[in-house]
Every structure is written in structure tokens, then in C-alpha cells.
Amino acid sequence: MNASIVRKRQRGRRQLRATSWVAAAIGLSLALAGALAPAETASTAAPLGGAAGTDLRQLLNPSGITPIDPAEEMAAQQALGGRHYGALGLSSPVALSDAIQQGVAQAAQVGTSRRFARHWTLRGPTRYYANDPARSGDLTGLGFHNLAGRVTSIATTSRRPGLVWVGTAGGGVWRSNDAGHSWQPRFDRQGVMSIGGVAIDPRNAARVYVGTGEANTNADAYYGNGMYVTNDGGSSWRHVRLPGVLTVFHVEAVAPSAGFPRGRVFAATNRGLWLSTDHGRHYRDVTLPTNAAHNGVYRATPFGNFVTDVRVRPRHPREVVAVVGWRRGKGTEPNGRIDSVGNGFYRSTSSGRGGTFHYVPQDTVTGLGVPTNNASDTPSDDPIGRTSIAYSADGKYLWAVVQDAGNMRNEVLVGGPLPAKNSVLNGVYVSTTADPGSSWVPKANSQTLGSAPGSGLLVQQADLYGPGVQSWYDQWIAVDPKDDNRVLLGLEEVYEAVANQTAPGVRAQWRTVSRYWNGCALLSAVDCSTIPGPVYSGDTTHPDQHAAAFVTHQNGTTTFYSGSDGGVFSQDSHVTQLGYTGYDNDSWRWLNLGLATTQPYYAVEGSDGTIYAGLQDNGEVKIEPGSRRGDEIYGGDGFDTAVVPRNSNQVYEEYTYGVMSVSTDGGHNWTDITPGDASSTTSQFATPFLLDPRNPRHVVEVGRYIDEGTKGVATRNWSSTYDLGPSSVAGKPGVGGGGVNNIATAVTILGAKMYVPFCGLCDPISQGSGERKYFHVGLATNVKAGCSAAIGHKTCWHKTAHKGLPNRYIQGVAIDPRHPRTVYVALSGYLRRWVPNGNRSGPVYVSHDAGQHFRSISGNLPRVPGNALVVRNGRVFVGTDLGVYSARQKVAHPRHTHWTRVGKGLPNASVLDLRLNPQGSHLVVATHGRGVWTYNFGHKAKPPYRQRGLGAGPPEPTAPTTPARPTAPMRPTVPSVGADPALLAAGLALLVLAAALPTVARRRRWSPA
């Protein structure tokens, strides 16, 4: 038998055995907890049926709502993050930053349209809730109150305790003067709005430094264009471009010291460490010695200089420590080059001047991550990946949270693969001498954090989703300046060290102070916040932690701020119910009112003005007519969405890879209608679907297969009308997964007529061994001369020649309602983001012969990604990474098409989606980081451009609904001991599962996918 097959089977059996051990441990815990649970909690639990026959996913999510599967969701996010930050995406950081800056300059030259000169209207959400049982239904048990989009950085100053600045993923920078109770955007007109780091000058609170480009290496992270500084509280900004700098992990502003009368500003970036000594007017690269010999800069790949943090040691202003932490470390690129040979710590004792940093080797006994001093229970020969550091206020201790680069890339040790693991966290360490090369004491790893009281990831660990599974994406470490022993850690949850913080030789004891969600055991059966006692009390904030800051007060207390995928939150230090002074899950303030920073992928408006939008990590939002308040009506990641004209209660939403649901009561109850052929290898992560504007009963979802439904919200069976087929590179070396399929990227419909652009090997990074030449695009349609297309029929379908169309990702497509043989496409950058293209072609092309030939009509548009298209009243509208533009459809010289900017007041955020409302009177845009906006044309569109309702025909059939989950009960005041059947059943089910898995391992020739 082939040795590789034997190893795979052995690995599979080890994975099953490991899962069975974890399941048994958790099952026993749940069973005991159920047997001794407070009676009031037991009475509110939803019953579990057939525990022995229930799989783990049903145990985690008995209500059947797919988006509450964090392991599956994170796997998808991680894969996309790898694509975005793969070798091709950063193959030339300098050229890429040049292209970004050129696009910003071009956009500034495009004037505002005189025809479309009205102001845009923000539809929000400016207030976003997920806890109203009258609106949010099943989601009230999550514990989320008011939410916002992803916060990437928080800056505070004790000189002005009420002043708070936050940087966001795509919504720019916001300021609060009242400790987060109200917010004002201060960055809407700058070139880019993706933020990595923010810092307030220690001596001048009106001076703020901002580093652009989100640095979380995730799929939807947008690149930046350098550093900015304001000297007047954000009224005006000065831009400083740093060549090749696309992301900023941290900005460190340092008070004046000897030799630096104007202080220092350090920027930790994807391209090294930069220093300014003149209040951010100029920066220079201090050139860390990151090559193998540590005597020069590593330049073989773009990943060898990812500086993920930098700190100046308190009371030792000449000592500066930086850490290089590319998440894959010594991973090998397709060309054989190693990603980063210099991951680790670097120190300067000369104030961080250029040329004064030295690599700090780890002591062979007390170093961080060495074999005798490794926090992780999973061995690794490359333990230092993304790393964040923090000093205690007196500079005595240095803390670090470390993602494991070796385990991140699934390294192989001693000739065999590692066992299944539920985290890529290496661990948390403290250096008791503040030496970055020695005296490191392991203080936590995924296992110890997984047992921290109050966690909301109790059961998920058995499904390979433990603390630190996303530590390449969300992590921070912070020490309360009032107390060296108040150490807080941000991963998916927030933890506080409550004992053994700096004691030598022992792990710290941790408590969860912001859990993943309130459903710590079974999402719809046990609401942790209702369990009496101090461990689980209180509602949580939002998972996936990215930022932290403290403000000290004269009364001796500290305000702690935390930023996550759901916004910003705070609490004051206090005596907790467990008797220590610190923080807990019971004392959070939700500070997101007015912080309009959600990240919709798609947005639609119903005939009555109701808005629906799919949001990154915040589900599906519903905004009532005339309101800016949003309510989460479906959880997880939200993507494409649609609403039936003249009936805004009938709405469709989508989760990852084509998982679709429909509601007929405005989002209270949902029914799954996913096509049977939708999957992670046949569909996009964000799968396009659309309602026919001529017939709302006609719904189409596109992946490899063109799936059509003809019963509207009652659709259960789909017709697979057309197969885009295998990719032209299927079978070539290194091609696997979804790379073997052609997969649709957009769709436009007009009755039976459709155009579907697609790509083959859409991701050469993870599906094609890095062979960029494998990537290719195409266009399929059933618009064909001499052939009459029909809904649900294969007649007329074919692939077009698409001559003249560049080989770039087609993000948007629009059919001309008056002339169906005319089709427009919007081209993104390669892999959807800012990547220079050799011919400098623009983002918009048109074909007048049903896709056989294309020509550019980009004219004076900025050469930036185009994302969405709309045709209205003889004009074409395009949404780009730098705004919305319009031009006439018919021009004498297409290459010289004149574009103008649409409307006034739209923030400079990337526009990902562009739609008309059914009447054609409003243009609706989804922006990455600034929510949903609409432009009012002042009148309806001409009839060809409007959507048709159901008319006077028979009523739309009503889909069966899934009953809403019981809402969370009031917390009992006098607990009594009884039995909780849900916890008990869950525990027994996991024990049964644990017992069955070894038998499966023995009987099946099982190997991992």
C-alpha cells in the first residue's frame, strides 16, 4: 500500500481519537453541569430530540441556523485571507502602493456631475441592534446590544479622559469627546479609509497620527497609502506616503526625550519599521536586519519584513523593541523562496535610530518558543508568527501573545503530519526581566484559555474551534497602567489574568471577561447570562478582538476600551463579584450609537423604502423606511440579498458559499432554500444571486451551475440550467479544490435573458500552486442571435468569445434593458483588489454583440477596481473602490467616455454594490465600512429600468417558516438546584459521540480531506 495513503489514514484515525477525547471531556462536563444546573435555567431550555442520532453540528446549533458554525466560517475566512495576502497579491508592494496613489490622484480630478448634484443620504445603520426579540428573533440569545463594524485601533489619552479615537476596517477614523457616547467621522475625504493604527501625541491631544491599511491579513482587508497626521483634531490632514507600505499594524507615539525635542513616532508596517522625529511630517525606514545572517534586509519575498508590533520601554526611552511576525513564517512560495527567515524580536538601545536595531536570538533554555520553553501543546519548529507585545507601566515586565507560524501552515514534523488542532495560537508569555530574548515564562495556551471560566467556546473546541484559532487575524495583549497584575488578552474572546500573572514556572489563571456569545453550551438551549453566579453573568460584547486601550483617572480607576468585529466597548475597573479588582463580563458599555461603520457586501431597497443588507460578521440587517436604525435579522456573515417588489416582507439572504434562506415575514423566521449543488468548490465565498426584475418569482443563483427557481419565496427545487464546466487548467500540476471548476462571479437578468461572467482557477494561490498564468475569465449567456431563451431551459446557453476583454476578475455585470445584446462589465483588480495591471486598462467595458467583442469605455475613470454596475435612463453608473461615477451610454468615441462623480457627501469608502430600488428612483450603495447610502434622483426611472411587482395575479405562495427560538428568560433571583435536560442531553450525546468515533476510526478507511 502507498506510504502516503497509510500516513493519511493514520492521521485520520489520530484526528478522530483526539476529537473523541475532547468530546468525552466536554460531554462529561456538560452532563455534570446539567445534573446540577439551577432549576430555573432548566425550565427554559429547549428540548433536544434523539441525542444519540444527533451530529455535533446539530448539537452546536439545534435551531438549524447555519451562520452559527464558527469553525466553518473561520475556515472560509482564513482561506480567503490567504488568497488576498498571497504571494501574487503582494508580489510588488512598491508598484502596488504606486498604483493606489495614482488611483487616488486620478479620482481627485473627476468632477461632480451637474445632472446628479444632490447629496447622498446615509441610511445607516447608525444604530444597530441584535437583541430586540420583536425584530431580531433567534439572535437575541447572542447577547449583543448595539453594534458597529470592525474596529482596528483605539487611541486614548489621560490628559483628556473623554477623548477617544478609533480606526476602522474601511470607515476611516472617528472621534468621540464624551468617552464614546457620541461619535464624529473625521476622515471621510481622505484618499483611503482602511485604517491600521491610530495614536494621540502624548503632549498635544489635538495631534493624531494615523496609519492606513488594515493589517489583519484577512480577505476583506483593504490596503492603505501611508501615514497621516492632523494638528487640529481631524479638521485637516497631512499625508505622507511610505513606498511599499500597504498596511500598518501599530503606531507608537513617544513623548519628547533626550535628543528628540519633538518626540518620536514609530509605524510598524508590512514593509519594515518607520520612524518620524518631526511630528509625522517625514518618516524613514530604520532597516531591521531581517535576512538569515541578520546583517541586512530580507528582500526575497514581500513577507520578510512584516513588523506586527513595536513598543518603547516605559522609563527606558532609549530601548525600543519591534517584532517581525509574518503569519506563515518560513513557509515556502511556489518559486521555492521562503516567506520570512527573520521572524522574531529586534531591539535598539539607541532610541530606535536607523541601523541601531539588532536581532535578539532566543535563549536556548528560557527563550520564547524554544523546545524546553514552548507554551503550545502542539510542537512547532517555527513558533513565532504574528506577535503582539505590551510592557507593564513601570517597564518591569514584557508580555507577548504569539501565533504559531509553523502550525498555521500545517507543518510536518518527524516525517508525519501534525494531529488535528483547534488553534494556531502558540501561547502567551511574560518576560520577567523585560528581555525579549530570555526569562520568558509561558502563561497560557489554547488549552488553558479554553478552560477559563466564563468562555463561550465551551463546546466549539470539540469542533476544532478553540481559543486562538484566528490569532493570525485577531489578537492583542495589554497591561492596565494602574496595576501590573491586571493583564488582558484579546483573541476571539477577551481574557483577564487573575492569578499567577508573573510567578515563575507556572501558568496564569485566566477568566473570560468578554465571551464569544451568550450561548456557551448549546446556542438555543442555554443562555449563559441567565446562569446565576458571577462566572457567566452579564451580556457579552462581540467576538474577534482587534484593539485595546486604557484611560487612567484621578480617582484611581481605569477605563478599559475594547474594539472588535462588532465595534467598541468599555468598562471601568471595579471590585468584581469574585472579589478581585479588575474587569468582568457583567459591566460592559456598548459604545456604538452613531458609529456608522458596518461593512455591507450587498444592499437592496424595497418599494416602501425598507433596506436590507448583508454585513461582514454581523449578519443581515433590516432598516425600516425613514429610519437609520438597523436590526440584525440573521446571524454570521451576510452576503447577497434581495427583496420582492411591492412586498418588503419577502426577503432573501445568503451565507457563505451559496447557502440561501428566505423569509416571508420581514426576517422573523427563515427557511433554507440552498441549491443542492452549492458548495465551497462550486460557489464563490460570496455567491451572486438575483431576482428577475421582470418576474420576481424567477430567482437565479450562480456558481459552477446556473440554478433557476420559478416559485419565488416558495422555491425549494432548482433547475440547473447550465454548467460552466471544468476550468481549462483542471488536471494541471497543483490545481485542486475549487480551481478545477469555472465559477460565476456575477449575474444580470432580464426575463429569460442572462449574462454570467466567471473565472477559472479564480485563486492561483491556494488552488493552483501559485501559477498566475492559470487564472482566466469568461462570460456565459443565453442571448444568442436566432435563438429564443426560456426561463429554466438550457436553450441558447453558450460561452462567448469576449474578445478585447482583459484577463481580470469581473466583479459586476449589467444588461441594457432596451437592447439585451448590450452588456457592461466592471473589472476589479487581479484577485479583486489593488493589483497593477500591465496594460493599465480601466474598470468598465461594453459589448454590443452579446459578449463576443468588448471595448473599454473607462475614459477618465480612475484606474481602480470596479465593483458594480447599473444602467438607468440611458446612462451607466459604476461603483468603484473610490466612489460612484456616471456616463452616457452612447458616445462617439468610447475610449474617451466622460465620467462624472455622482452626488455630494458620499464618504470615500469602497463601493461594493450598486442597485436601483424597484421604482428606479433611488440608487442604493453598499460601502465597505460606512454602511448603506442612497441617492434620490427625484423621479422614477423610465419603465424599461423599473422592476415589476407581482401585479394582479395570484398571491405569492407563502413559504413554510421555522419557528422562532424561545427568547432568553429573566435571570432568576433565587437559584435552586435541579436538572437541566438540555445540558444533560448534550453531555450524553457527546459521550455517545466520543464512544463511537474510535469504532469509526477502526472500521473505516478514513483519511482527511
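Student: Which residue is the bridge partner of Thr 781 in β52?
Tutor: In this predicted model, Thr 781 has His 798 of β52 as its bridge partner. Strand β52 covers residues 798–799 and is joined to β51 by 2 bridges, with the two strands running antiparallel.

Student: And what stands opposite Thr 781 in β50?
Tutor: Tyr 755 stands opposite Thr 781. Strand β50 (residues 753–760) is joined to β51 by 6 bridges, again in the antiparallel sense.

Student: What holds such strands together in general?
Tutor: Backbone hydrogen bonds pair the strands of a sheet, in either a parallel or an antiparallel manner.

Student: Is β51 largely enclosed or open?
Tutor: Strand β51 (residues 776–781) has 6 of its 6 residues buried, so the rest of the structure largely encloses it.

Student: Which way do its residues point?
Tutor: His 776, Gly 778 and Ala 780 point one way from β51, while Val 777, Leu 779 and Thr 781 point the other way; all are buried. In a regular strand, side chains alternate between the two faces of the sheet.

Student: Changing topic: what is the strand order in the open sheet of 4 strands?
Tutor: The order is β1-β63-β62-β61, and the pairing is antiparallel. The edge strands, each pairing on one side only, are β1 (121–124) and β61 (911–916). From one strand to the next, the twist averages 25 degrees.

Student: How many bridges pair β1 with β63?
Tutor: There are 3 bridges between β1 and β63 (residues 931–936), which pair in the antiparallel sense.

Student: Which residue of β63 does Gly 124 stand opposite?
Tutor: Gly 124 stands opposite Val 932 in β63.

Conventions. Residues are numbered from 1 along each chain as its sequence is written. This is a predicted model: local features need pLDDT of at least 70, side-chain atom pairs count only at pLDDT 80 or more; totals for chains, interfaces and linings use all residues. Side-chain values use heavy atoms; hydrogens and water are left out. Two strands pair if DSSP finds at least two bridges between them. Axes are lines fitted to C-alpha atoms, for helices over the stretch in contact, and angles run from 0 to 180 degrees between N-to-C directions. Buried means under 20% relative accessible area, exposed over 50%, partly exposed in between (1.4 Å probe, protein chains only).
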